[in-house]
Amino acid sequence: MGRACGGLCASCQRMYDFQSKRLNFEFESLKPKESWEKKLRRLMLYFEEDTQLRDILITGGDALMSQNSTLRNILDAVYRMAIRKKKANLNRPDGEKYAELVRVRLGSRLLAYLPMRINEELIAILKDFRQKGASIGIQQFIIQTHFQSPLEVTPEAEKAIHLLLEAGWNITNQLVYNVAASRRGHTAKLRQTLNSLGVICYYTFFRQRIQGELCGIYT
């Protein structure tokens, strides 16, 4: 939904995009070509009429860089879209039904960068969406985050994790292998720390250049 992020990680694709000049700071050219309200309707229509997509990942940038009012608006739009799909499928024959939504994910690094962002108002929004979504068949509600080192799991981060889990959202962590994070047992310690807090360490990957192109290898 946007390019805003809490930082620029060494492992992030955006760093290489800036270095290769695929991304730039020409703000005039980066101005949106349509209003956000119009774009959101267009995106929801795309999902609503699709026969295969069952998973929405709201990211950016970083989903939690949005204001609470904006995030509430997005989640409300997703909820209304999911209801319309279910109603439409009641009148569509087998083989022609739309794919119904089963998973909603929010991608955010702010649990590490700015865990204080996980405030009471945000938790109320997430809890409300989970309750409504579960009532119409959405099964998974996930915060997809990114801790690189156990040093990032501060007391503030632990508090944010507990609040999100209590709101009924699962938390999964992606880890990028790099020299600093992988030496001296940092990676193993991070997995132990996150597992003890209820965070699912769901994949790791590293990036390398193959014939000049940046490639990701996942495990």
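Leaving aside neighbours within four places in sequence, Glu48 is in contact with Met81, Arg84, Lys85 and Tyr98, where contact means heavy atoms within 4.5 Å. The structure is a predicted model, in which local features need pLDDT of at least 70 and side-chain atom pairs count only at pLDDT 80 or more, while totals for chains, interfaces and linings use all residues. Residues are numbered from 1 along each chain as its sequence is written, and side-chain values use heavy atoms, with hydrogens and water left out.

- Glu48 lies in helix H3, which covers residues 36–48; helices (H or I, at least four residues) and strands (E, at least two) are DSSP runs, numbered from the N terminus.
- Glu48 counts as buried, at 16% relative accessibility; buried means under 20% relative accessible area, exposed over 50%, and partly exposed in between, with a 1.4 Å probe and protein chains only.
- The side chains of Glu48 and Arg84 make a polar contact of 2.9 Å.
- A polar contact is a pair of N or O atoms within 3.5 Å; within protein, one must be able to donate a hydrogen and the other to accept it, and residues adjacent in sequence count only if both atoms are side-chain atoms.
- Glu48 and Arg84 are 36 residues apart along the chain, and their C-alpha atoms are separated by 7.4 Å.

**The protein as a whole**

- The protein has nine helices and six strands.
- Of its 219 residues, 38% count as buried.
- Among contacts between residues at least 6 apart in sequence, 76% join residues at least 24 apart.

**Salt bridges**

- A salt bridge is a side-chain nitrogen of Lys or Arg within 4 Å of a carboxyl oxygen of Asp or Glu.
- By this rule, the count is nine salt bridges.
- One of them joins Arg103 and Asp55, with the closest N and O atoms 2.7 Å apart.
- Arg103 belongs to strand S2 (residues 103–107) and Asp55 to strand S1 (residues 55–58), so this pair ties together parts that are 48 residues apart in sequence.
- Arg103 is partly exposed, with a relative accessible area of 24%.
- Another salt bridge forms between the side chains of Asp76 and Lys132, at 3.3 Å from N to O.
- This pair links distant parts of the chain, 56 residues apart: Asp76 is in helix H4 (residues 68–89) and Lys132 in helix H6 (residues 120–135).
- Asp76 is partly exposed, with a relative accessible area of 23%, and Lys132 also counts as partly exposed, at 24%.
- The side chains of Glu152 and Arg109 meet in a salt bridge of 3.0 Å, N to O.
- Glu152 sits in the loop between strand S3 (140–145) and helix H7 (155–166), and Arg109 in the loop between S2 and helix H5 (110–113), so the pair ties together parts that are 43 residues apart in sequence.

**Packing of H4 against H6**

- Two packed helices are described by the angle between their axes and the distance between the axes.
- H4 and H6 pack at an angle of about 5 degrees, and their axes are 10 Å apart.
- Axes are lines fitted to C-alpha atoms, for helices over the stretch in contact, and angles run from 0 to 180 degrees between N-to-C directions.
- H4 and H6 are therefore roughly parallel to each other; angles under 35 degrees count as roughly parallel, over 145 as roughly antiparallel, 65 to 115 as roughly perpendicular and the rest as oblique.
- The residues of H4 that meet H6 include Leu71, Leu75, Asp76 and Tyr79, and those of H6 that meet H4 include Leu122, Ile125, Phe129 and Lys132.
- By class, the contact of H4 with H6 has eight nonpolar, two polar and four charged residues.
- Ala, Val, Leu, Ile, Met, Phe, Trp, Tyr, Cys and Pro count as nonpolar, Asp, Glu, Lys and Arg as charged, and the others, Gly among them, as polar.

**Arg109 and Gln148**

- Arg109 is buried, with a relative accessible area of 8%.
- Not counting residues up to four places away in sequence, Arg109 touches Cys9, Asp62, Thr145, His146, Phe147, Gln148 and Glu152.
- Gln148 is in the loop between S3 and H7 and is buried, with a relative accessible area of 9%.
- The side chains of Gln148 and His146 are joined by a polar contact of 2.9 Å.
- The Gln148 side chain also reaches the backbone nitrogen of Val176, at 2.9 Å.
- Beyond four places in sequence, the residues that Gln148 touches include Arg109, Leu175, Val176 and Leu190.
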